[in-house]
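I opened this model today to look up a few things. My notes follow.

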Amino acid sequence: MKIVVCIKQVPDTTDVKINPETNTLIREGVASIINPFDMYAIEAAVRLKERFGGETIVITMGPPQATDALHEALSLGIDRAVHLSDRAFAGSDTWATSLVLAKAIEKIADCDLVLCGKQASDGDTAQVGPGIAAHINLPQATYVRKIDTVHFDTTPRIMVVERLLEDGY
């Protein structure tokens, strides 16, 4: 099984500052971490690899310092890391970000599963994961609480998950 995990390096939520003129996050001089929701996706990927074997690959799109997030993911049990970095990506919206990530996932090829965190703590849009699925025409499940069953050795492939809802799951 080949699992891709998309992660984002975000400002540490304990140190968030807003530029009063632009109403945007001030990132210079602020400690960065892996987006907390993406940490759940990393953990799920490592657990699936332990249960079923295979390979885990983490991808991030960001400036050169985003390599810190990749190194941390590798230390948590991820097998490979891909860093997409180009000045042309600066200021990308969720559509552009999901397109770039989708193209990278297509280049990896033969990917069985793509995991993303619920949303990024610095944007809170929850649009990149579904955008990736739309760009590559993949089925998707959002707000997954638990992965119950995985059968990737069958046709069709089957995965049963529990999805969080307002009144339960």
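This is a predicted model: local features need pLDDT of at least 70, side-chain atom pairs count only at pLDDT 80 or more; totals for chains, interfaces and linings use all residues.

I then checked how strand 4 (residues 55-61) meets strand 5. The two run parallel and are joined by 5 bridges. Opposite Val 58 I found Ala 81 of strand 5.

**Helix 3.** Next I asked what packs on the sheet.

**Helix 4.** Which residues of helix 4 (residues 128-136) are buried? I noted Gly 131, Ile 132, Ala 133 and Ile 136. These buried residues pack against strand 1, helix 3 and strand 6. Just after helix 4, I came to Asn 137, which has a positive phi of about 60°.

**Salt bridges.** I searched the whole structure and got 7 salt bridges.

Glu 55 and Arg 80 meet through their side chains, at 2.6 Å from N to O. This pair links distant parts of the chain, with Glu 55 in strand 4 and Arg 80 in strand 5, 25 residues apart. Glu 55 is partly exposed, at 24% relative accessibility. Arg 80 is also partly exposed, at 37%.

Glu 162 forms a salt bridge with Arg 145, and their closest N and O atoms are 2.8 Å apart. This pair too links distant parts of the chain: Glu 162 sits in strand 8 and Arg 145 in strand 7 (residues 144-151), 17 residues apart. Is Glu 162 buried or exposed? Glu 162 has 14% relative accessibility, so I count this residue as buried. Arg 145 is partly exposed, with a relative accessible area of 43%.

Lys 146 pairs with Asp 148, the closest N and O atoms being 3.4 Å apart. I have Lys 146 as partly exposed at 41%. Asp 148 is partly exposed at 31%.

**Surface patch.** Last, I looked for nonpolar surface. Tyr 143, Leu 164 and Tyr 169 make a nonpolar patch of about 340 Å². I placed Leu 164 in the segment after strand 8 (158-163).

Key:
Residues are numbered from 1 along each chain as its sequence is written. Side-chain values use heavy atoms; hydrogens and water are left out. Patches are made of residues with over 30% relative accessible area and no salt bridge: like charges are joined within 9 Å, nonpolar side chains (Val, Leu, Ile, Met, Phe, Trp, Tyr) within 5 Å. Accessible areas come from the Shrake-Rupley method with a 1.4 Å probe; for residues, only the protein chains shown count as cover. A salt bridge is a side-chain nitrogen of Lys or Arg within 4 Å of a carboxyl oxygen of Asp or Glu. Helices (H or I, at least four residues) and strands (E, at least two) are DSSP runs, numbered from the N terminus. Two strands pair if DSSP finds at least two bridges between them. Buried means under 20% relative accessible area, exposed over 50%, partly exposed in between (1.4 Å probe, protein chains only). Contact means heavy atoms within 4.5 Å.
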